[in-house]
Amino acid sequence: MTLKSKLLGAAISVGLMAAPAFAENVKIGFNVPLTGFAAADGESALNGAQLAVEQVNAAGGINGDMLELVVYDDQASPKEAVPIAQKLIEKDGVVAAVSGSYSGSTRAAAGIFQEAGVPYISAYAIHPDITRAGNYVFRTSFVGEVQGRAGAKLAGENLGLKRAVILTIKNDFGQSLAAGFKEAAAKFGVEVIGEYEYSIKDRQFGPIVSKIRSDNPDVIYATGYFFTAGPLVSQLRAAGITTTVIGQEGYDSQHYIEIAGPAAEGTIITTSLDRDSSAAETQDFIKTFEAKTGHKSDMVAASGHTAIKVLAAAMKVAGTTDKAAIRDAIAATNLVASTGTISFNALGEVQKSVQVQIVKDGNWHHFAVIDDAALLAPPTE
Amino acid sequence: MLYLELLLQGIVQGSIYALIALGLTLVYGLLRILHVAHAALFTLGAYLGVIVTNATGSLVLATAVSMVVTGVVGMAVYKLAYEPLLGKPPFIALIASIAMFIASEEIFRIIFGPYGLSYTNPPLQGYYEIFGGFYLKYGEMLVIGLSIVMLSILGWLSGNTRLGVSWRATVTDPSMARAFGINIQNVRYLNFFIGSALAAAAGVLVALLNNLVEPTMGSVASYKALAIIVLGGLGSIRGTLVAAMAIGIIESFGTIYLGHILGRDALAFAFLILVLMVRPQGLLGAK
């Protein structure tokens, strides 16, 4: 090494040290799909998470230290998520991390964070095995089965619609939702008269639409995301089928309404975000999110926001960057966040109410709340 | 009645597959290149269709613009990517094609955003009861109608015009065609223009049925079209049309009656494997 480069190196280290002298940054990891098929949800989740970080820092950070989000694109792919988790832990030295991604990648990363003893919160990935990775892994959204059971109650009890056709998107999201729906269906007098599956790549539902017309159900429980449900519902309505459609948090985006257009009117979903909530935290999130990004908030954004807020609150309580202390503080969370009041059970699963929203005049609005604690009890092991 | 509807749904899907796969067959027949990036032109066509419709309110104009622009882009793909590789082994062009296709998905995402686009006033949303309890959506009628019209025009062109004859001559025997004074370069351009324009039309129609165009919408089309041209017998136009319809109809019935065992794509490939076991040259391929 020449003298010149030594000097340069020294100058850089001094420069690096100078900045944190008055504000130490605390790093938290964030894996999120920013390219590939899930990039739309990823962008929304990232916006929600960044908003939460800005809000936490504006309010004084973590006892004076600023939060810094270290973001990596995992393409919603398990094989990307594993090296990202290792990089976050070893290279970036994060004190904790949040997943803004789907189940496949979150599940793969969860084991790595658990092994390293780094607290990890899944913002909206729904696979039950995620929290089973161990006691350092938490989830601030519902597992699929819980939301599926809420869907059955919504159909049978709230709406009194008893003959259901189930449309299952063939991945862990759709299958766990459908399982939950079927499990609780009989309890609410709902009979499943037809069940069809489709792949996440399908956008054309012509044959299924024809079959549903011939089945003539009272209600269609269609699992999916806004990019599958939008085309599905517009094709159902274009074919003259006016049967009520019940969706889930995968629909929860303004983009669903943009895709399905007028056909979206009257769609009812189970989700985490209540647009008409009277809770100040939720209203504040909706307003500031729209002001920051210029478009409407959605479940994924609110979930990213909630997960960061839960983590930040726990870090404040812990008052240290000790990971075990942060883990214990997360486990003891009782926080009003943008998606409701958050607390965890022994497995790290969230306990909160299910929000039911309906599309009215081109926007999502409050329809009902399902807060039957026994029905919504998440798995405990 | 349900069976009839499912059959019709299969024909709708088959028509779209036919429009996409035809371009692939044309390119393979002429250059022996598996043109995977063809699916990117399908996506481009769909985006152009939605953007021009939203800007002008005219679906007809949008379809025309989309077909012409995509056709020209298809010619550019040939000129810039394939022509320099013509002397090389075919897998090199295939790799280039796959690379273009992957890059195109990210380019669409960067330019148009990850959320996809929809018609602000979706055209042709409605249905017609043909007879008691038998329905067809306007969009689906257009798919079938437009496919028949375009394929008929193409068939007429290739059989009854000088252009068509020189094109067929080039496919059959390029050196002989050149000896007879046919400009092979022009035939190749025409080939890419027509194939790409048809893919664009398919894109506009798919956008109409789904009211959604996305950066990744070409991914299914890319491998499904490959399966179709293999099934039909590589390079056989008639075989491609038959295979497209067969796959469309099998998927339609399969989605309902076998969907819990095998997915739509898996069904298509299972059928492909079965046929190739019996007829390795494909449905209408030459031995």
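Start by selecting strand β4 of chain A, residues 120-122, which pairs with β5(A) in the parallel sense over three bridges. Strands here are DSSP runs of E of at least two residues, helices are runs of H or I of at least four, both numbered from the N terminus, and two strands pair if DSSP finds at least two bridges between them. Now click on Y120(A): opposite stands V137(A) in β5(A).

A note before moving on: this is a predicted model, in which local features need pLDDT of at least 70, side-chain atom pairs count only at pLDDT 80 or more, and totals for chains, interfaces and linings use all residues. Residues are numbered from 1 along each chain as its sequence is written, while chains are lettered from A and ligands numbered from 1 in the order in which they are written.

Next, show the whole open sheet of chain A, five strands in the order β2-β1-β3-β4-β5 with parallel pairing. Which strands stand at the edges? They are β2 (66-73) and β5 (137-139) of chain A; each has a single partner strand, so one side of each is left without a neighbour in the sheet.

Now bring in chain B. Here 31 residues of chain A are in contact with 35 residues of chain B, contact meaning that C-beta atoms, placed from the backbone, lie within 7 Å. To find chain A's side, select α2, β7 (191-198), α7 (206-215), α8 (226-238) and α9 (254-260), each of which supplies at least two residues.

How values were computed
Two residues are in contact if their C-beta atoms, placed from the backbone, lie within 7 Å.
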